[in-house]
Amino acid sequence: MKKIIFWINYVDVHKAELLSDRELMLHNIPGKVFNSRFIGSILLFMSCMLLKANVDDAWAAIPLGFSAWILFSGVWNISGNGKVVFDKNDQTLYRVYKHLGYMQIIYTTPLSSVIKAETTQKESRINLILTLDNLETITISTLPSEKLKDAEEIAGMINRFIDS
């Protein structure tokens, strides 16, 4: 159940910012509002209205249900705001995921248990992961394969910050 809640709240963070020699923060770049999900949802909503006017109310409920689900998932993804903060003062790694402006979940991990940051390639995606001392991994970001250089640069920045 914890994994499901994590993946519902998960936001890719792939923009690094060194705040000071004691803090490193990664955050996400907001998504585009005009995307294929919203276009599909609008088309389904229009077909719902056409079915309601010309065919039958029962048939109109099907595209309306899909449209509502797609719109809500699109709003959920676009409103996602994520931050990963490496704080040497508190010796803690904070992962903060926020949706819809107020639904927030915070995961904390001792900074001393983070061994290294690395990139792994899975199909056409690059995963930026943190390896912990208990051999568990934390996924920080999933990027397209053409962003390999950016992912390796961020992993190097994290490793330099942890080692210093």
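Here are some questions and answers about how the terms for this structure are applied.

This is a predicted model, in which local features need pLDDT of at least 70 and side-chain atom pairs count only at pLDDT 80 or more, while totals for chains, interfaces and linings use all residues. Residues are numbered from 1 along each chain as its sequence is written, and side-chain values use heavy atoms, with hydrogens and water left out.

Q: Why is Ile8 called partly exposed?
A: Buried means under 20% relative accessible area and exposed means over 50%, with partly exposed in between (1.4 Å probe, protein chains only). Ile8 has 48% relative accessibility, so it counts as partly exposed. You will find Ile8 in helix H1, residues 2-9; helices (H or I, at least four residues) and strands (E, at least two) are DSSP runs, numbered from the N terminus.

Q: Why is strand S8 described as largely enclosed by the rest of the structure?
A: Six of the eight residues of S8 (residues 137-144) are buried, so the rest of the structure largely encloses this strand.

Q: How do you know that S7 and S8 pair?
A: Two strands pair if DSSP finds at least two bridges between them. Seven bridges join S7 (residues 125-132) to S8, and the two run antiparallel.

Q: What makes S6 and S7 a pair?
A: Eight bridges link S6 and S7 in the antiparallel sense, against the at least two that pairing needs. Thr120, for instance, stands opposite Asn127 in S7.

Q: Why are S6 and S8 said to stand at the edges of the sheet?
A: The open sheet has three strands in the order S6-S7-S8, with antiparallel pairing. S6 (114-122) and S8 each have a single partner strand, so one side of each is left without a neighbour in the sheet. On average, neighbouring strands here are turned by 20° against each other, direction ignored.

Methods:
Axes fitted to C-alpha atoms, helices over the stretch in contact; angles between N-to-C directions.
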